[in-house]
Amino acid sequence: MDQSKSLVVIAESDHGELTLSSLECVEEGREIADRLGAKVQVVLCGNEVVTLAETLAAHGADAVTVVEHEALDQFSADGWLQALAPILLHTHPLLLLAPDSGQVRAWLPRLSVRWRLPLVGCCIRVGIIGDGYPEIIRNTYGGACQERLIWPYATLVGAMLIPGVRGVGAPRRGRSAEIAVLRPELDPASFRDRTLRTLPADPRTVSLNEAERIVSGGFGAGGPDGMALVQQLAEQVGAALGGTRVAADRGWLAVDRFIGSTGQIVAPKLYMAFGVSGAGQHLSGITDSEIVIAVNNDRTAPILKRADLGVVGDLHQILPILLAKLRVLAAANPAARHDEPTAPAALDPDQDTAAHPVLEKTA
Ligand SMILES: Cc1cc2nc3c(=O)[nH]c(=O)nc-3n(C[C@H](O)[C@H](O)[C@H](O)COP(=O)(O)OP(=O)(O)OC[C@H]3O[C@@H](n4cnc5c(N)ncnc54)[C@H](O)[C@@H]3O)c2cc1C
């Protein structure tokens, strides 16, 4: 490994854990560094976050610089700038990688203006080609097009990777990294912004690639009325609303809410698809979903092969029953309404057999 060549990755933590998008950046950096024979240097900022360095090593970091201070307990764009700018100044990386997150968007562009560093958002793939020319593939026009950018000079570029775009691989236990802990002198009184409290994400507006639960509607929803039923379910289970490109093209869904190779790449814990056939372009956007439940009236629909629970039936019959049952459950236990995904329990095959669809557990 050529120790003089390095890539710098900015990592973030949230409630004492590394964000998945940080680990994605580390793994993306590892892949590039392996091709170049370079090292991956990760910079992590916060308070009492040094214990996270091992996880960064397990995902591909060669060196971890932990920047700690009590004033960095809660995010502040001014604080992050004060803490990180002097440290980054002394790194001379081939590339700077960071998650395309709200926090990074709050401070890194300011550094980029200060240093005249080209900074690119919405990146889906990053690399170095030829003799060190940065190459970036990024989404444009809300994901409708992809753009390939190449810098003709081997210049430092900052790339912000869309969360969820590559997924996170298994950690390599036993992999180690050089760990350095720095405690900068900071003046919290000079921070012009502070985090007072963190509000829980609103599933209706949360970015799809950060959503833990997604309920999707496709062409099988049949129109805005069917999509409204899908949306009601999303609200009932505290999920974000998504769908297929066909649904978005028909105007039943906002364009920035369709999922797939030309739309959003998602990685929720629970993905529920109603009237979605499961075309390759759609499935490639849900690869990293943990549990997939699909409702489709065609038992040969490809989505049923991807589903952990496949329900063969008409969504216009199933959704009203499901909604009614969820409302009863929510009324009985209002506090638990959004705590656990309740959809599978509500689809109890032993009840209301006449109205119920056939439940199929798929491989
Ligand atoms: C270059 C290119 C890029 C593309 N990118 C994307 C992309 O990023 N994302 C994307 O989603 N698509 C994309 N597409 C489109 C993709 O190929 C499919 O056409 C699309 O995903 C299908 O959407 P759908 O499942 O809603 O509709 P359909 O394929 O028409 O499927 C509807 C499904 O609903 C079922 N159904 C019908 N009525 C009911 C009912 N009453 N109850 C239950 N089920 C019912 C049907 O059996 C069927 O399986 C792209 C296409 C191209 C050419």
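So, which domains does the domain assignment give this protein? There's domain 1, covering 6-190, and domain 2, covering 208-360. Keep in mind that what you're looking at is a predicted model.

Taken over C-alpha atoms, the centres of domain 1 and domain 2 are 34 Å apart. Where they touch, domain 1 puts in 8 residues and domain 2 puts in 12 residues. If you look at the domain 1 side of that contact, you get 4 nonpolar residues, 4 polar ones and no charged ones.

Okay, on to a pair of helices. Two packed helices are described by the angle between their axes and the distance between the axes. Here we have α3, residues 77-89, and α4, residues 102-115, with axes that come within 9 Å and cross at roughly 50°. That angle makes α3 oblique to α4, and the crossing is right-handed. From α3, the contact uses Ala77, Trp80, Leu81 and Ala85, and they meet Ala106, Trp107, Arg110 and Leu111 of α4. By class, that contact is 7 nonpolar residues, no polar and 1 charged.

Last stop, the ligand. How many residues are around the ligand, and which come nearest? There are 27, and the nearest are Gly218, Phe219, Gly220, Gly260 and Ser277. The elements giving two or more residues to this shell are α6 (245-249), α7 (280-283), β15 (291-296) and α9 (315-332). Helix α6 has the largest share, with 3 residues.

Notes: Residues are numbered from 1 along each chain as its sequence is written. This is a predicted model: local features need pLDDT of at least 70, side-chain atom pairs count only at pLDDT 80 or more; totals for chains, interfaces and linings use all residues. Domain bounds come from an automatic or database domain assignment. Two residues are in contact if their C-beta atoms, placed from the backbone, lie within 7 Å. Ala, Val, Leu, Ile, Met, Phe, Trp, Tyr, Cys and Pro count as nonpolar, Asp, Glu, Lys and Arg as charged, and the others, Gly among them, as polar. Axes are lines fitted to C-alpha atoms, for helices over the stretch in contact, and angles run from 0 to 180 degrees between N-to-C directions. Helices (H or I, at least four residues) and strands (E, at least two) are DSSP runs, numbered from the N terminus. Angles under 35 degrees count as roughly parallel, over 145 as roughly antiparallel, 65 to 115 as roughly perpendicular and the rest as oblique. A crossing is left-handed if the near helix is turned anticlockwise from the far one by less than a right angle, and right-handed if clockwise. A residue is near a molecule or strand if its C-beta atom, placed from the backbone, lies within 6 Å of it.
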